[in-house]
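This report describes a ligand site, a nonpolar core and several local backbone features. The sequence and the structure are shown first.

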Amino acid sequence: MPRSIVVRAAGEHSAPGAPVNTAGIEDFPASDLGEGPVTVEVNYSSINYKDALVLTGRPGVVRTTPLIAGIDLVGTVVESSSPRWHRGQQVLANGAGMSETRHGGLGALARPPAEALVALPGELTARQAAALGTAGYTAALSVLRIAQAGVESSRDEPILVTGATGGVGSVAVMLLSALGHHVAALTGRVDEFSDYLIGLGAAQIVDRQELGTLGRPLQKQRWAGVVDTVGGTVLANALAQTRYQGTVTACGLAASTDLPATVMPFILRAVTLAGIDSVQAPYAARQAAWALLAERVDVGALEALTRTVALGEAVEASAQLLGGQSHGRIVVDVSA
Ligand SMILES: NC(=O)c1ccc[n+]([C@@H]2O[C@H](COP(=O)([O-])OP(=O)(O)OC[C@H]3O[C@@H](n4cnc5c(N)ncnc54)[C@H](OP(=O)(O)O)[C@@H]3O)[C@@H](O)[C@H]2O)c1
């Protein structure tokens, strides 16, 4: 039976504020993986913010139990009744309900939704694709949206990336800089991580505190565009500081789900706020994002920001990520 990290309900008697679920390694029967035309032997998964919530038993992501965790997987097709996929092919999948309503990638075998499968781009190894994972793919969706809007940056008006040391932020900094943009990286850990962010291609470092207190509805125009991963006051200030006709993408809530903003940037500066969703993105968007990653990510830099843990270490790594003691990306070697 395939070894998997299985999430189970903690039970009715758990104390208020205590984890609502448990997550532990089990031998999960292959016959219970659910329906689907393609079965994948999983090599790698990863730990994203959402995985960290799931693996530490937080509410809001898992909607049915028992459930194999993991919103990402990279592996090899071992069975397929789909004309699109054949045995031996290397594939990846992100989101699409995995670890929410259907079994995910933190197990030796998976039956992911066929519509979420993307062929592993030839330029990337399985481990590199897992190192990018949902975080990288979401960064690519955000960067493609900025590109679609025709945003042009300069030294005086760079593109701001918030939560820059995180998974989405780190890859966004890398991609934007590889595309020739001037990137300003906003971080709460300036002393510790400025060199890291400059190494990824950031031209400027911005202390999170600068955008930490809610300012006026319209402020000095500083950013040509913004890739926001944190929400809350930072996003509200970023909108108020975006230049005329700039585009701001919003994918995350690492700070808050709130948006204490006004309509002023939209109606007086024609600023666009573009939502980014990786979970239900259609196949064409997934493929475009992965093509951009394969083409533009510096795999040497990616290696440097990635650490690999075994299946049995995934829960501890999740607690570190939520505790702000982590940066970059965490790959899970599912066979280790
Ligand atoms: N929409 C989608 O489909 C989608 C897909 C992937 C991720 N997401 C969301 O995007 C966000 C980032 O994901 P991730 O995987 O990059 O997470 P991550 O690796 O944990 O990075 C989050 C970063 O946010 C910053 N941060 C943490 N707490 C903060 C706070 N209280 N206020 C302001 N900044 C804070 C930190 O960066 P600094 O220390 O550098 O400031 C941290 O490294 C999460 O909310 C995640 O759920 C959404």
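Buried means under 20% relative accessible area, exposed means over 50%, and partly exposed lies in between, with a 1.4 Å probe and protein chains only. By this rule L109, at 19% relative accessibility, counts as buried.

The model is predicted: local features need pLDDT of at least 70, side-chain atom pairs count only at pLDDT 80 or more, and totals for chains, interfaces and linings use all residues. Residues are numbered from 1 along each chain as its sequence is written, and side-chain values use heavy atoms, with hydrogens and water left out.

**Annotated domain**

The UniProt annotation "domain: Enoyl reductase (ER)", from an unreviewed entry, covers residues 18-332. UniProt positions are given in the numbering used here, feature names are shortened, and annotations may be inferred rather than shown by experiment. Residues 18-332 are 31% helix and 24% strand, and the end C-alpha atoms of this span lie 26 Å apart. Helices (H or I, at least four residues) and strands (E, at least two) are DSSP runs numbered from the N terminus.

**Ligand site**

| Residue | Distance to a ligand oxygen atom |
|---|---|
| Y49, polar backbone atom | 3.4 Å |
| G166, polar backbone atom | 3.3 Å |
| G188, polar backbone atom | 2.8 Å |

Taken alone, the ligand exposes 920 Å², and the protein buries 83% of that. Accessible areas come from the Shrake-Rupley method with a 1.4 Å probe.

**Nonpolar core**

In soluble globular proteins, nonpolar side chains tend to be buried together. A nonpolar core is a set of buried Ala, Val, Leu, Ile, Met, Phe, Trp, Tyr and Cys residues joined through side-chain atoms within 4.5 Å. The largest nonpolar core has 50 residues, and L132, V161, V173, M174, L175, W290 and L293 touch the most other members. Among the elements that give two or more residues to this core are β9 (159-161), β10 (183-187), α4 (190-200) and α7 (283-296). The most comes from α2, with 12 residues.

**Local backbone features**

The peptide bond from T65 to P66 is cis, with omega near -5 degrees. P66 is placed in the loop between α1 (49-55) and β4. A69 is found in the loop between β4 (67-68) and β5 (72-80). A69 counts as buried because its relative accessible area is 1%. In space, A69 and G107 are 7.9 Å apart, C-alpha to C-alpha, although 38 residues separate them in sequence.

Q245, which is not a glycine, has a positive phi of about 65 degrees. Q245 lies in strand β13 (residues 242-250) and counts as exposed because its relative accessibility is 56%. A270, also a residue other than glycine, has a positive phi near 55 degrees. A270 is in the loop between α6 (264-269) and β14 (272-275), and its relative accessible area of 30% makes A270 partly exposed.

Key:
Polar contact = N/O pair within 3.5 Å; in protein donor to acceptor, adjacent residues only side chain to side chain.
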